[in-house]
2 protein chains.
Amino acid sequence: MNEKVLQHIQFCIELDKMKSVYRQTILVDGSREETDAEHSWHFAMMAMTLFEYNVIPGVDLNRVLRMALVHDLVEIYAGDTFAFDEEGNKDKYEREQAAAERLFSMLPQAQGTEYRALWEEFDAEETPDAKYAAAIDVYQPFLNNSVTKGHTWVKHGVFLPQVLKRLEPVRIATPALYEYAMTVLDDAVAKRYIKTK
Amino acid sequence: MNEKVLQHIQFCIELDKMKSVYRQTILVDGSREETDAEHSWHFAMMAMTLFEYNVIPGVDLNRVLRMALVHDLVEIYAGDTFAFDEEGNKDKYEREQAAAERLFSMLPQAQGTEYRALWEEFDAEETPDAKYAAAIDVYQPFLNNSVTKGHTWVKHGVFLPQVLKRLEPVRIATPALYEYAMTVLDDAVAKRYIKTK
């Protein structure tokens, strides 16, 4: 049997673990937390569907879709770190670098390097593709919060400036979606799903 | 507020229902059935990772990835029809056409038409992109079965010719992956996960 085929098969089976990494965000129907695999799919679908709102020049949607697919892979070993968890975010970098080393070395070298580079580009939020990707990655859980009575905001007692800071990539890449987000925030503050003091 | 933004937001929220459509395939860790959203992500990741095994000329991987993302969307309303369920497959076409009508009309017309065309192209399995996509769509649950003691094969008492028929797109598009599948089948038959008579 072709050795490389077996190596690829093993990697594809390992990918299944993305269905067992649960996030803070709950489904719109409220039944449970969403998984990393589900979030990555939703993110990719939204990146495709909402692309017309992007104002950053030079974004290649095809690369953004690939970025969406791989952007959370290291969480297979590093776990999901909640955006508003300051303690957990302190050692996030080290944990994810170790996870990347372990996961991407399962692939033939050129391909492992390619996936890792896509993830690191996403994480740095510096290129046009990564800036648009960052906006949609944030917007997906934001939308779910907006229709689940601010689930994660309430659960973690989040303050308005924290949410605004988190929405910065949306303001930069997709102003029309940011404008809608502001109406959601007004409502969430009025209903006390988000704290102001 | 921009009317089109609201329309897009509604569609993106509707997409969340793909996380509540459960399939027959179970996760590699055996904990539960996978969802359509998870399957679509896994399919897209595998299409990207295994592309070098494709032998069909003229396949555009970027289009295949978009196909993978949208290929099961109609199941939001039509539900998942198990591949080996002959009864359920009888009215599958009508159910899915009605679902497509309902779902894609939520989008601005050009975009709705684009998504529907991608789905119909996938479903027809005639273009190079759709042929490669069909192979990977089948290979993902096949791999999960191969490491979960033939879960769905055993559960539904599936016969070898049914599995071989289902693997036809794999034989055509990705012979090296088909060769590996044959070793899996030998083992599954020896262990009586798949019936031969």
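Predicted model: local features only at pLDDT ≥ 70, side-chain atom pairs only at ≥ 80, totals over all residues.
1. The tally of aromatic pairs over all chains is 10. One of them joins Phe11(B) and Tyr115(B), a tilted pair with 6.3 Å from centre to centre and 50° between the planes. This pair connects distant parts of the chain, since Phe11(B) sits in helix α1 of chain B and Tyr115(B) in helix α7 (residues 109-124) of chain B, 104 residues apart. Both Phe11(B) and Tyr115(B) are buried.

2. Another pair to look at is Phe142(B) with Trp153(B), also described as tilted, with 5.6 Å centre to centre and 55° between the planes. Phe142(B) is part of helix α8 (residues 128-146) of chain B and Trp153(B) part of helix α9 (residues 151-155) of chain B, so the pair ties together parts 11 residues apart in sequence. Phe142(B) and Trp153(B) are both buried.

3. Rings also meet charged side chains here. In chain A, Arg102(A) is placed over the face of Tyr77(A), 3.6 Å from the ring centre. In chain B, Arg102(B) lies over the face of Tyr77(B), again at 3.6 Å from the ring centre.

4. Now to helix α12 of chain A, which runs over residues 175-190. Its 16 residues should span 22 Å at 1.5 Å a residue, and the end C-alpha atoms are 23 Å apart, so the two values agree.

5. Which residues of α12(A) are buried? They are Leu177(A), Tyr178(A), Tyr180(A), Ala181(A), Val184(A), Leu185(A) and Ala188(A). Because they cover an arc of only 160° around the axis, they fall on the same side of α12(A). On the face turned away from that buried side, α12(A) carries the exposed residues Asp186(A) and Ala190(A).

6. What do the buried residues of α12(A) pack against? Within chain A, the partners are α8 (128-146), α9 (151-155), α10 (160-166) and α11 (168-173). Chain B takes part too, through α1 (3-14). Helix α1 of chain B is also the one that holds Phe11(B), from the pair in point 2.

7. A loop residue may be worth a look as well: Thr148(A), located between α8 and α9 of chain A. Is Thr148(A) buried or exposed? Its relative accessibility is 12%, and the cut-off for buried is under 20%, so Thr148(A) counts as buried. Setting aside neighbours within four places in sequence, Thr148(A) has contacts with Ile26(A), Leu27(A) and Val28(A).

8. Finally, chain A as a whole. Its secondary structure consists of 12 helices and two strands, and the order along the sequence is α-β-β-α-α-α-α-α-α-α-α-α-α-α. The C-alpha atoms occupy a box of roughly 60 × 35 × 30 Å along the principal axes. For 197 residues, a compact globule would have a radius of gyration near 16 Å, and chain A, at 17 Å, agrees with this. Of the 197 residues in chain A, 55% are buried. Among contacts in chain A with a separation of 6 or more, 67% come from residues 24 or more positions apart.

Definitions and conventions: Residues numbered from 1 in each chain as written. Chains lettered and ligands numbered in written order. Heavy atoms only, no water. Helix = DSSP H or I, 4+ residues; strand = E, 2+ residues; numbered from the N terminus. Expected span 1.5 Å × (residues − 1). Buried < 20%, exposed > 50% of the residue type's maximum accessible area, 1.4 Å probe, protein only. Arc of directions from axis to C-beta. Contact = heavy atoms within 4.5 Å. Phe/Tyr/Trp six-rings, centres within 6.5 Å; stacked < 30°, edge-to-face > 60°. Lys NZ or Arg CZ within 6 Å of the ring centre and 35° of its normal. Rg over C-alpha atoms; globule rule 2.2 N^0.38 Å.
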